[in-house]
Amino acid sequence: MTARHFLAVVALVQGVLLAALLILIVLNRWFRLRRRARVHPRRLAVEGVMQRWALGQADVRVVLAQLARLPVSLAVEALVSWSARVPGDRWRRLATALEGEWWARMVRTNSRSARWWKRLEAARFLSVAATPADTARVLKLLRDPHPAVHIAAVATLERVESAALVTAALERLPQLAPTVGAYYAGMLRHSRAVVVQLLLTRLSRTDDPVLARLTEFAARLQEPALRESLTALAGHSDAEVRTQVARALGAFPHPASIAALTRLVEDARWPVRAQAARSLGMLADPASLPLLRAALRDETWWVRMRTGLALTRFGPSGRNALLDAEVGADPNARDMARLVLGLSSQALAEFAA
Amino acid sequence: MSEIIRDANFAILFYFLALNSFYALLLVLSIPEIWEQTRLAEDEDFQRLMQSDALPPITILVPAYNEQKTIEASVTAILALHYRNYEVVVVNDGSKDETLEALRHAFDLYEIPRTYPETIPTKPLLALYRSRTRTKLVVIDKENGGKADSLNAAINASRFPLVIAVDADTLIEPDALLRLTRPFLLGRRIAAVGGTVRVANGCVVKHGQVTDARVPRRLLAGIQVVEYLRAFLFGRLGWNRLGGNLIISGAFGLFRKDHLLAVGGYDATSIVEDLDLVVRLHRYLRSRKVRYEIPFIPDPVAWTEVPESLRVLARQRERWQRGLVAAMWQYRGMLFNPRYGRVGLIAVPFYAFGEMLAPLVEVFGYGITVAGLALGVVNVPFALLFILVAWGYGMLLSLWAVVLEEVSFRRYRRVGDLVRLLLFATLETVGYRQCGVWWRLRAFFATGGRKHVWGEMTRRGFETATK
């Protein structure tokens, strides 16, 4: 074959491909329009019947019949969107009734599928329609390697109370990226009692490699039952654990919290000192004022900043401390006091948030 | 002589065969990517995440230079984003027009003291403002130092762990920020993520938002719609599977602030700061063996006004090419360097030999073909067939981008717009492409010694974009 023949063949193939792409574009538009014309009235029918059922004007069997007429993905979508609008008991009755539906059985089976998008569909379905019988399936989905799947599955905790599921989610929590961890934490808050019991056990294991993450989660819960465990960790060797403890203790106005924070505000690591200063400001105990006056001379800008802001929460005595620092001998404390005293109330409120 | 011309012809043929095969590979790789991304984009669970407190807080960095016409609309649109926890830092980089006055008037600014350390050195700050009407807004007024310097000033002022650089002439869709955080929500080790930039010319814009996506009727803007679709929908998607993108558009990219600080922020001396930053990030993270990804996701959309005059477009493309040449030279140590993994072995060589050298080879090819024809080494039918195949391939890639758009996001719903897209995809290869080659070629002679300040562009303003 000569170069010319080769080019002619390539040109011919290109021509065919160009034509095929044009046909593909036209067919795609046509199929979409046809599908929309077929499915849209059914979606409207489901919306209507769901609305009547939510108001107690339609039987659950009518809802099931209309859902069965939709493509499975759209039925799951309808369930997810309606789950937030229907009260718990009523929704549980629908979830139980769905167990007998052929398409719901098929979606449940997909929790073992090799394809992640099928498992995602199953996880989304179970997040709103799981019953206690689905615990094993949800457990498997919670351990799924695809992040979208286990993120969808963890939402099941909003509706199903199960110690096994809570344990699995809590086990996974420390391995997750901070954002996803925060989402998990939000879901775990729905099962507060079980979570607190599990955390009390985990926080007592001081050699736990994921202790910092668990402490962070415990801090978010602001649960008084965890105060003692958190205070006990104030002397932990890991600076990240101490930082999280310093942050958490600001939510517990208790002499033991103030005693621990008094130690932490003189910690060797500046993030710990900054958090401790912030928490001392939240507790606003007059006895800690001399400590904060000293912290205003800290070598690190952020510690001085946090201390300055903390002092604004002490009322007139804190303000006086800042005014003293503003004319004092230490240049760092002077600059920071001037900066904080110049902040508007709006800026102070934003920093407090 | 004729032997040399024949050999050169074969070398050029081989070059384009290799380059086009690589484009074909990107095209194939973009298919599973767009499949996965559209599946995830449709996932309603992200609406639930939006209601949760889990969203990472974001600082939006908006550098502005002589943007008095568009600044109010842009900032208003940014402040209307559907996102729970964010702040906007606008930097007026010593504008010569009334940009600061426009901001002061629109958002009732008042001066505040600086409350953060200058982590990255920048040109001196003149003043820092907050808005009485929009608590999320911070405005920095500083001496002129260029876009990169402005971005660095904004990074210094930012409070949050994720930062996104947005051009003041860019309109972000209300849910774009939420969508852009998806990789972070999915728990991947993301260093930066890029979204799609689309062409706003011809679209209906109301209150700083694109309310009706249209393909412009003007040839130059219309062709750029196809060009942007091709660059984003299959180019960058394909790169997701080949070790990550080397370019996150400066107009719309989300970065982890700690990584930005670690590499010293944007390079104020760079010609194209977005390319430079991403290459530096790759180099930094790879050399420290940090596991990371720099993906592109197609569903978050920002709209930008593209040049409608040949003069401005030529200047823009020349600047991009100069930036590419400078970056490839500066980071030549990464070329074929296994220490940098797939970035060093695939991405950098592709950008160096495929993107950077392509205009040189193409012009050389035209010259050789003309010489060959004159000497009778190349016959006319062969030359015409070669040009037909080259143009046909370009057309095929553009049409493929239109197909990806049609099967996935379908922003252009009207049949008229689709027809125009197809028409522009066809016309692009004749005339426009050759102009592009010429502009890029000029960049080789302008490289070096020229410091970048701002890529100036004549703007019509968004509300008038449809007129």
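Which residue forms a salt bridge with A:Arg29? Select A:Arg29 and B:Glu406 together: the two form a salt bridge, and their closest N and O atoms are 2.8 Å apart. (A salt bridge here is a side-chain nitrogen of Lys or Arg within 4 Å of a carboxyl oxygen of Asp or Glu.)

Before you go on, please note that this is a predicted model, in which local features need pLDDT of at least 70, side-chain atom pairs count only at pLDDT 80 or more, and totals for chains, interfaces and linings use all residues. Residues are numbered from 1 along each chain as its sequence is written, chains are lettered from A and ligands numbered from 1 in the order in which they are written, and side-chain values use heavy atoms, with hydrogens and water left out.

**Stop 1: where the chains meet**

Across the interface of chain B and chain A, the rule finds 1 salt bridge. A:Arg29 sits in helix α1 (residues 3-54) of chain A and B:Glu406 in helix α14 of chain B, so this pair joins two chains. (Helices are DSSP runs of H or I with at least four residues, strands are runs of E with at least two, and both are numbered from the N terminus.)

Now select the whole contact, with contact meaning heavy atoms within 4.5 Å. Chain B gives 51 residues and chain A gives 46 residues. About 4300 Å² is buried between the two chains, and carbon and sulfur atoms give 67% of that area. (Buried area is the accessible area, found with a 1.4 Å probe, that two parts lose on being put together, summed over both.)

**Stop 2: the sheet of chain B**

Next, colour the strands of chain B. You will find 10 strands in an open sheet with mixed pairing, in the order β3-β4-β5-β2-β1-β6-β11-β8-β12-β7. (Two strands pair if DSSP finds at least two bridges between them.) β3 (109-112) and β7 (170-172) stand at the edges with a single partner strand each, so one side of each has no neighbour in the sheet.

Zoom in on β3(B) and β4(B), which pair in the antiparallel sense over 4 bridges. Pick B:Glu111 and look across to β4(B), where its bridge partner is B:Tyr129.

Then show helix α8 (residues 219-240) of chain B, which packs on the sheet and touches β8 (192-199) and β12 (296-304).

**Stop 3: B:Phe444**

Finish in helix α15 of chain B, where B:Phe444 has its place. Leaving out residues up to four places away in sequence, B:Phe444 touches B:Gln321, B:Val325, B:Met356, B:Pro359 and B:Leu360.

Notes:
Axes fitted to C-alpha atoms, helices over the stretch in contact; angles between N-to-C directions.
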